[in-house]
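Hello,

Here is the structure we discussed handing over. My notes on it follow below.

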Amino acid sequence: MGNMKGPLTSHPVTDNFKEWSVQVDGRKFLQQLARHAYRICNYDAVADNYNIFHQHFGKTGVIHFAVKASAEPHILKTLIAKGSGFEIATYSELRLLIESGLSKEDIGTKVNFGQTQKERADIRKALVDGVRNFATDNVHDIRIIAEEAFKLRMDKGAIRMQVRLFNSDSDTSGEGYSQSFNRRYGVDNEQAMQLARNIAERGMTLTGFTFHPGSDSNNPQLWDYGVRNAAILTRRAKEELGIEVTELNLSGGFDPAIHIEQYSKHILPLIDKIYKEEKATHPHRIDTEPGRWLVANAEVLIGKVSNVKINKDGTRIVTMTTGVSENGTLTDLGLDFDFFILEDGKARKLEKRDDIRGNLHGRACADFDVMAESTPIPDELHPDNPIADDVFVVIHGAGAYSHYMERNFWCGITPPMKMNYDDFKNCITHEKYYQVALVNSYAERSGLPLKNAMSFITRDTHKKIGEIKGSEIARILDNPILLNKLGLHILSSVAEFVQEHADRQ
Ligand SMILES: Cc1ncc(COP(=O)(O)O)c(C=O)c1O
């Protein structure tokens, strides 16, 4: 069986530590880390992860990568080339897949619209672009899908629906589950039968059942509850409604610290056993929707320790230069940490001690900005240690669900537009006002990171850019008229650039 560890901590930053640590200038590195974290990518890991996942779940059905876990174009292209399917929660994720080259045929057969609470316009656009597989857990959603298909004069029978079930019988999911999904998602068996009836009455096809045990579920038995109910419902749908349900979608939730074989060797025989016990027809297809497991180790974050203090109860509170506020949902799920210190300018890995526990925080002043609680840390992280704040931390697992703040927003969704109340009340739905607000909002959004970059670029790097000070850009960003001019300038130079280069790609 070989190494039964999952991919979580496999990344060249730590695997090949010697390779780069002898070259790094320790002081400069720490200065840089005090300004900003590093996000070190290793997208090749995703192809390897997919191959391993495929060995264990590829024969039973389609693996749908959950795009919400990382919408990085390189990752999407790699997975498209591998023949992966995809799970989407928003239409914008489908746009990213189309931009990455997903074919119309694959959209029809390999994309699951897994969000059960969808925007009507998203449903319409997804149908137009060819999506035919939808998860649902409410009659409202089923009605809207049917209405939109009718308006588009589509064959409703070609719309394939999966009913999403609860993942446990409590609304908090219970011991071992990383997250609750049951307060928002899923139905019990009686509701599932009503939805099955509803789907059939509307002329659509009920193909399967699905449930999600919670992201980073580290115990394969957390799938047992959902599998049991899917089997019961598969039998009942046949007996009571004459519907042959042929698919089971195990969704996501696989913990990247654990080898995928640990899941397959429990879950696949379990399905055989439970479907037999419940006298249900064995599913023709057993699909999956892994997010975190496929991409967690595609990136690590490197941040620096800013400060260490000790609470009255002995807990060490470690504040770092990167955290939840800057990086998204790095909240104690699917993460691991390695600590290093620089000695004579070179880096050395510190030993994590099980008997010394700390809470790792970002810089936002609230408890929520916590990446890990009671996690093993090295003894060097102590307030009395004068070089405790020279320690830098490699955060494993940052490839999943983490960097959308940096990229402005999640999965290609347009971020909120900023404007003053005066502009808003002037009637934002007038095209003229809307356009000005749009340009200013994005000029500011692009200007701020440019300002930061320019304050770090020196004349040595680039003579002309090095002469401009970040503070000069800040003044322009503060002046609404100049901000608008800057926005139009950025947009027109981008337009020129695109015109010049678009055809040559
Ligand atoms: C419907 C659905 N499928 C798949 C996933 C991916 O889950 P994970 O990243 O835990 O594998 C999610 C995550 O929220 C989801 O809601």
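The ligand is surrounded by 15 residues, the closest being A66, G114, S215, G252 and G291; a residue counts as near a molecule if its C-beta atom, placed from the backbone, lies within 6 Å of it. By class, this shell has five nonpolar, seven polar and three charged residues. Here Ala, Val, Leu, Ile, Met, Phe, Trp, Tyr, Cys and Pro are nonpolar, Asp, Glu, Lys and Arg are charged, and the others, Gly among them, are polar.

This is a predicted model: local features need pLDDT of at least 70, side-chain atom pairs count only at pLDDT 80 or more, and totals for chains, interfaces and linings use all residues. Residues are numbered from 1 along each chain as its sequence is written.

Helix α11 covers residues 224-241 (helices are DSSP runs of H or I, at least four residues, and strands runs of E, at least two, numbered from the N terminus). Its 18 residues should span 26 Å at 1.5 Å a residue, and the end C-alpha atoms are 25 Å apart, which agrees; the expected span is 1.5 Å times one less than the number of residues. Among the buried residues of α11 are A231 and I232 (buried: 20 or more other C-beta atoms within 10 Å of its own; exposed: 12 or fewer; partly exposed: in between; C-beta atoms placed from the backbone). Their cover includes α10, β7, β8 and α12. Just after α11, G242 has a positive phi of about 70°.

E278 sits in the loop between α12 (260-277) and β9 (285-287). With 17 other C-beta atoms within 10 Å, E278 is partly exposed. Beyond its neighbours within four places in sequence, E278 contacts A231, I232 and R235 (contact: C-beta atoms, placed from the backbone, within 7 Å).

Regards

Technical notes
Contact = placed C-beta atoms within 7 Å.
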